Amino acid sequence: MTQMRFANQTVIVTGAGEGIGYEVARQFCAEGASVLLNDILPDRAQAAADAIAAETRARCVAAAGDVADVDTVRALVKQAVATFGELNICVCNAGLTSWGDFFSYAPADFERVLAVNLRGSYFLAQAAARQFRDQASSGRIVLMSSVTGHRAVPYLSAYGMTKAALEMLAKNLVLELSPHGITINCVAPGAVITPRNLNDDPDYEARWGSLIPVGQAIQTSDIANAVLFLASTESARITGQAIVVDGGWTSTSPIPNMDYGKNYEN
């Protein structure tokens, strides 16, 4: 029988039209939560929310918008509260992978990856934390980091920098959020089989699976399992931490040929 760890709880998941975010939203709904599902593309957000609602019979509402815009992320919190009555959990999953050779990396690409990965996560976490404080209730914030915040990967200098920064953000906010009963943690995925990664590299699953100690690339469900744990009562005394879900890759860190990322058009 499916657990209902999140019955009567409201969750925001950003970047959830596909991939990791979709599976996170789906698992929350399967365990009884009501979910506000964000994606930058309106049609994709709606299709994802409809599919999850049909499968789980839970409330899953689409909310399109670009998380790089501060007004948008603040509106997500307001919409969640207006729709479901309160907010309990916020998963700042939306992120942009930005490839490029350091010597030719463009300022516009740099600004965009910082805007999505850092500004979006920072101000969504702020808006959620303000709501938790105003409700006088505990809350859970989960940020989506990456193994590229722990290990160097070619042509991902800007991206990796943003992911390392998110982990430092979680550590720092322990000081300000803990007195309000709010925990904040990160999940750092390794090589996950997602539509975006397969689009970057059609051989992604086999290429990375051969280099990961457990012998397989990571599934989106593996990441969702970690997110739901950090959002649950089982993790009430865990905060400021990063759970790396990579099949052991950061213990060895071999890297396949990634020259396709050198001149990648963002």
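Residues are called buried when their relative accessible area is under 20%, exposed when it is over 50%, and partly exposed in between, with a 1.4 Å probe and protein chains only. Helices (H or I, at least four residues) and strands (E, at least two) are DSSP runs numbered from the N terminus. The model is predicted: local features need pLDDT of at least 70, side-chain atom pairs count only at pLDDT 80 or more, and totals for chains, interfaces and linings use all residues. Residues are numbered from 1 along each chain as its sequence is written, and side-chain values use heavy atoms, with hydrogens and water left out.

Seven strands form an open sheet with parallel pairing. Their order is β3-β2-β1-β4-β5-β6-β7. Two strands count as paired if DSSP finds at least two bridges between them. β3 and β7 (242-245) are the edge strands, each pairing on one side only. On average, neighbouring strands are turned by 15° against each other, direction ignored. Axes here are lines fitted to C-alpha atoms, for helices over the stretch in contact, and angles run from 0 to 180 degrees between N-to-C directions.

Strand β1 is joined to β2 by four bridges and to β4 by three. Ile12 has Leu36 of β2 as its bridge partner, while Val11 stands opposite Ile89 in β4. Thr10 and Ile12 point one way from β1, and Val11 and Val13 the other; all are buried.

α3 (residues 70-84) touches β1, β2 and β3, and its direction makes about 150° with that of β2. α5 (residues 157-177) lies across β5, β6 and β7, at about 165° to β6. Contact means heavy atoms within 4.5 Å.

A nonpolar core is a set of buried Ala, Val, Leu, Ile, Met, Phe, Trp, Tyr and Cys residues joined through side-chain atoms within 4.5 Å. The largest has 34 residues. Val13, Phe28 and Ile223 are among those with the most contacts inside it. Helix α8 (220-231) is one of the elements that supply at least two residues. Its share, seven residues, is the largest. The buried residues of α8 are Thr220, Ile223, Ala224, Ala226, Val227, Leu228, Leu230 and Ala231. Their cover includes α1, β4, β5, β6 and β7. Beyond its neighbours within four places in sequence, Ile223 contacts Ile20, Met144, Val187, Pro189, Val192, Ile218 and Val245. A second, separate core of 32 residues includes Ala63, Ala80, Ala125 and Cys186.
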